[in-house]
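Here is a short report on a single protein chain. Look at the sequence and the fold, then read on.

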Amino acid sequence: MKWKIDKDVKIPPSYSSRNSQYREIIADMEEGDSVGELTQSQANGMAHLMRKNGINAVSRKMTGSKADVNETIYRVWHDGLLETAEEQGKQRIGSPTNTVGITPGILQQAEAHEDKHNIVEDTREVFKIVNEELAEIKKKEKGK
């Protein structure tokens, strides 16, 4: 089958199910509460919806469950609220998050030479530039 590129096709509006089976229970949860006896798919769905609503979700595979031994059971916990971008602060991709055991001299040298290596803080900007350059190359190749 050959793929066909369509032009001028409007993107339909996105909508999420307002009747999600997890919304009601998530609204009633408080920090430290958990929901158990979930399949992996249910646990992933619940954790995803919790994170989408600003709740830090933690899920674990449980052992010793009452359910069928052949079916793995999961539990999802409400672990507080997610930090906002401002609370997290900007962290450069590739920078060490744990500097324990790294001598201060090495960190200072790395920071001093950082500008010489064109360290990028926003990879989205890099991808945008690369895609623009690739598009121009393709245009030139088509013109030949």
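The count of salt bridges in this predicted model comes to one. Its partners are the side chains of Lys4 and Asp6, which meet at 3.4 Å, N to O. Lys4 is exposed, with a relative accessible area of 68%. Asp6 counts as partly exposed, at 49%.

**The nonpolar core**

The largest nonpolar core has 14 residues. Ile26, Leu38, Met46, Met50 and Val76 have the most contacts inside it. Four elements each supply at least two residues of this core: strand E1 (34-38), helix H2 (40-52), strand E2 (55-62) and strand E3 (73-81). H2 gives the most, with five residues. In soluble globular proteins, nonpolar side chains tend to be buried together.

Leu38 shows how one of these residues is surrounded. Leaving out residues up to four places away in sequence, Leu38 touches Ala43, Met46, Thr72, Ile73, Tyr74 and Val76.

**Helix H2**

H2 has 13 residues. From first C-alpha to last, H2 reaches 18 Å, close to the 18 Å expected at 1.5 Å a residue. Ala43, Met46, Ala47, Leu49 and Met50 are buried in H2. These residues lie on the same side of H2, because they cover an arc of only 165 degrees around the axis. An α-helix has 3.6 residues a turn, so residues three or four places apart point the same way.

The other side of H2 carries exposed residues: Ser41, His48 and Lys52. What covers the buried residues of H2 includes helix H1 (23-28), along with E1, E2 and E3. Asn44 also lies in H2. Asn44 is partly exposed, with a relative accessible area of 45%. Just after H2, Gly54 takes a positive phi of about 80 degrees.

**Strand pairing**

Which strands does E3 pair with? E1 and E3 pair in the antiparallel sense over three bridges. Here Leu38 stands opposite Tyr74 in E3. E2 and E3 also run antiparallel, and seven bridges join them. Val58 stands opposite Trp77 in E3.

Ile73 is buried, with a relative accessible area of 5%. His78 counts as buried, at 8% relative accessibility, because the cut-off for buried is under 20%. Leaving aside neighbours within four places in sequence, His78 is in contact with Met29, Glu30, Glu31, Gly32, Asp33, Met50, Ile55 and Asn56. Met50 is also one of the buried residues of H2.

**Distances across the sequence**

The table sets two residue pairs side by side, with separation along the chain and C-alpha to C-alpha distance.

| Pair | Apart in sequence | C-alpha to C-alpha |
|---|---|---|
| Asn44 and Arg75 | 31 residues | 9.9 Å |
| Ile73 and Glu37 | 36 residues | 5.5 Å |

E3 pairs antiparallel with E1 and runs antiparallel to E2. Both E1 and E2 are among the elements that cover the buried residues of H2.

How values were computed
Residues numbered from 1 in each chain as written. Predicted model: local features only at pLDDT ≥ 70, side-chain atom pairs only at ≥ 80, totals over all residues. Heavy atoms only, no water. Core = buried A, V, L, I, M, F, W, Y, C linked by side-chain atoms within 4.5 Å. Buried < 20%, exposed > 50% of the residue type's maximum accessible area, 1.4 Å probe, protein only. Contact = heavy atoms within 4.5 Å. Expected span 1.5 Å × (residues − 1). Arc of directions from axis to C-beta. Salt bridge = Lys/Arg side-chain N within 4 Å of Asp/Glu carboxyl O. Pairing = 2+ DSSP bridges.
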